[in-house]
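Notebook open, model loaded. I want the overall picture before I start picking at single residues.

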Amino acid sequence: MTRHQTVVEAIAQTHLAAGAQSGPVKAGDFVTIRPDHVLTHDNTAPVLKKFLTMGATRVSDPGQPVFAIDHDIQNTSEANLAKYRKIEEFARSQGVDFHAPGEGIGHQIMVEQGYVTPGSFVVASDSHANMYGALGAIGTPVVRTDAAAIWATGEFWWQIPRSVRVELVGELPEGATGKDVILILCGLYSHGEVLNAAVEFTGPGVKSLSMDARFTISNMTTEWGALVGWFPVDETTLDYLEWRRAVLESQGRRRLTQNVSDTVSGHLAGDPQAHYAAHILFDLGEVTPHINGPDTVQATRSVAGFREQAVPIDKAYLLSCVNSRFEDLAAAAEELEGKHVADGVELYFAAASREVQERAEASGHWQAILDAGGRPLPPGCGPCIGLGAGLLEPGEVGISATNRNFKGRMGSRDAEAYLASPQVVAASAVAGHICGAGDWPDRAPRRNIDVTSRSVASRASKVTIQEGFPPRVEGRIVLLTQDNINTDGIYGKDYTYRDDMTPEAMARVVMENYDPEFASMIQPGDILVGGENFGTGSSREQAATALQAAGIAMVIAASYSQTYLRNAFNNGFVCIECPELVAYLREKFTAPVDAEVRSVFTDDALSVDFTSGEVSFDEHIFPFPVLSEVPQSLVAAGGLENAVRLQLSVT
């Protein structure tokens with residue numbers, strides 16, 4: 001390992017594209033990465049369209065891409081089946097691994113089938129790629145255009161994130177889970193502490209966490225706001241890899257070598273002298289079952305806090321890439337054994353993969369859930385992404401072992417959704433209201449954080465404007481009053497996997513889940529001003545391109561999900577970060593804040609100077625981090641597709 005690097009910096013160093021950078025990389029550096037693998041799922045179809053538009057005909061390295069169909073597999077329409085056939089045909093023609101509908105959720109396929117190993121760098125055009133960090137790898141999301149560029153060139157651009165060290169001490173009490181750990185973290189540190197950071201879990205508490213618990217925690221670091229959720233490699237990791245090697249060999253697959261334990265660096269860890277943006281100390285011994293919601297991951301309460309309220313539920317869910325592995329199904333089955341789902345409650349469940357389902361069936365856990373009244377679904381995303389059977393209807397309340405509960409994501413925006421562990425979901429389904437098993441105290445771990453820095457961007461100096469990039473933009477202010485505006489709110493689930501949405505159609509539904517009146521009120525050239533963590537949630541690129549299609553000139557926010565920024569710049573859409581301006585505008589236009597007012601359409605204009613990094617408004621100057629050569633060049637080229645097309649034509 002290069003001296004004084006965090007583990008993420010060190011792994012990135014070993015995956016730099018040839019000639020990309022000679023010295024040690026550090027947080028804030030823009031680098032070119034050659035990942036080991038890139039996963040795409042149902043979105044392989046639009047990625048393929050971009051790939052062809054780039055002028056590519058052959059995948060640069062057929063061993064890099066993995067296709068796993070998982071999102072809309074309950075949709076048996078001819079149009080959807082034809083799309084799946086087209087993806088499979090392309091995979092076979094290019095020699096790319098293809099995993100058919102029903103094999104499992106893509107992220108489970110990646111860890112189960114040996115694509116992820118310690119020290120590897122694996123990406124996915126899906127936001128929950130963070131899950132791969134449980135195996136000591138860098139797992140991080142890219143966007144559709146990135147995926148197409150990787151197919152074509154084998155490479156993508158990445159800005160090295162700052163790293164936050166989360167030191168785990170103690171052990172989980174019996175009945176508390178990895179899901180409770182990450183639910184608490186999402187609520188306890190909900191003000192950008194790990195936004196766009198790489199989280200390194202360390203400390204003596206790590207060894208007490210099972211592999212499935214680590215997958216759960218890493219997976220939901222996405223909802224916490226992080227780009228990476230990394231765990232060190234220890235005996236638990238190596239035992240898991242050895243088990244997977246044996247299973248794969250029995251299936252005739254040899255992705256993991258015989259001496260995997262010898263070839264893996266069990267000592268891979270960050271240099272103690274490396275720079276960490278923050279240090280969080282978290283006591284596992286203080287964890288109790290928790291529930292987050294409704295309709296936000298940031299609001300968390302202990303299960304004991306629901307005891308008197310007894311919130312009635314209509315639906316319960318045991319599924320998704322975060323909590324439908326064998327350990328999860330076994331825990332739910334134990335809670336449901338000899339009981340039955342309450343009258344008026346529907347319990348839906350699915351396994352993370354066909355192999356997980358077969359194990360659950362062989363153990364009797366699957367039958368126990370069926371006997372309790374569970375309704376089985378095929379191994380896939382389904383209700384988690386708002387597709388298929390069992391969605392929340394208007395006025396209903398659901399409790400789910402999934403990773404997201406954004407308004408409208410799992411069905412109607414007039415429903416409410418809570419998140420919990422499989423045990424709590426099962427107990428609630430039996431009781432008919434939100435509750436847990438056992439008599440837990442109303443407590444949570446205490447906040448314990450030491451912050452060094454939050455930003456990797458320079459707030460100083462002027463920059464040279466690239467040819468084709470606008471030095472100045474002026475436009476009317478459209479102010480959003482809420483923080484944590486997610487991609488489901490910007491561009492809803494009903495349109496995400498439709499291939500017939502024209503730019504005009506996208507413009508008509510933009511922000512529909514956030515503010516149904518938005519699309520009818522905006523004007524071409526408007527500047528959208530958002531709050532903290534703008535664009536959080538899934539990696540759907542339409543959350544950027546729909547705003548483009550609607551004529552929005554650019555977005556200014558207090559902070560962003562880094563994945564949203566990738567989508568924006570990859571499509572030539574300008575975004576800048578200026579928290580001081582956001583605070584000033586909210587005080588000017590929304591005080592006192594009416595909770596029902598989500599968008600403020602002003603008659604005022606502001607001016608953005610990209611040369612000096614300054615926004616001018618109301619005779620005030622607000623500085624912002626200047627845009628470097630990489631985002632400028634992407635905007636000037638009209639997006640990454642055009643840039644790659646030019647690169648391929650030259651080579």
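Predicted model: local features only at pLDDT ≥ 70, side-chain atom pairs only at ≥ 80, totals over all residues.

**Overall**

I counted 22 helices and 26 strands. The radius of gyration came out at 24 Å, close to the 26 Å that the globule rule gives for 651 residues, so I note the protein as being as compact as a globular protein of that length. Along the principal axes, the C-alpha trace spans about 70 × 55 × 55 Å. I looked up burial too: 61% of the 651 residues count as buried. For contacts between residues at least 6 apart in sequence, I found that 78% join residues at least 24 apart. Charges next: there are 50 positive and 81 negative ones, and their mean positions are 3 Å apart.

**Strands β5 and β6**

I checked how β5 (residues 121–124) goes with β6, and they pair in the parallel sense over four bridges. Alanine 124 stands opposite proline 141 of β6. Is β6 covered on one face or on both? Both: Ile138 and Thr140 are buried on one side, Gly139 and Pro141 on the other.

**Isoleucine 73**

I found isoleucine 73 in the loop between β3 (65–68) and α3 (78–94). Its relative accessibility is 16%, and since buried means under 20%, isoleucine 73 counts as buried. Which residues does it touch, leaving aside neighbours within four places in sequence? My list reads Tyr84, Pro101, Gly102, Pro378, Pro379 and Gly380. I also took a distance to valine 199, which is 126 residues away along the chain: the two C-alpha atoms are separated by 32 Å.

In α11 (residues 354–363) the buried residues are Glu355, Val356, Gln357 and Ala360. Their cover includes α4 (106–112), α8 (235–250), α10 (326–336) and α12 (365–371). Glycine 364 follows the helix and has a positive phi, near 95°.

I then went to α18 (residues 542–549), which is mostly covered, with six of its eight residues buried. Those are Gln542, Ala543, Ala544, Thr545, Ala546 and Leu547. Just after α18, glycine 551 takes a positive phi of about 95°.

I noted a cis peptide bond from glycine 293 to proline 294, with omega near 5°. Proline 294 sits in the loop between β12 (290–292) and β13 (300–302).

Two residues have a positive phi without being glycine. Serine 320 is at about 100°, in the loop between β14 (315–318) and α10. Glutamate 619 is at about 60°, in the loop between β25 (614–617) and β26 (620–623). Is serine 320 buried or exposed? Buried, because its relative accessible area is 1%. Glutamate 619, at 85%, is exposed.

Conventions. Residues numbered from 1 in each chain as written. Heavy atoms only, no water. Rg over C-alpha atoms; globule rule 2.2 N^0.38 Å. Buried < 20%, exposed > 50% of the residue type's maximum accessible area, 1.4 Å probe, protein only. Contact = heavy atoms within 4.5 Å. Lys, Arg positive; Asp, Glu negative; His and termini not counted. Charge placed at Lys NZ, Arg CZ, Asp CG, Glu CD. Pairing = 2+ DSSP bridges.
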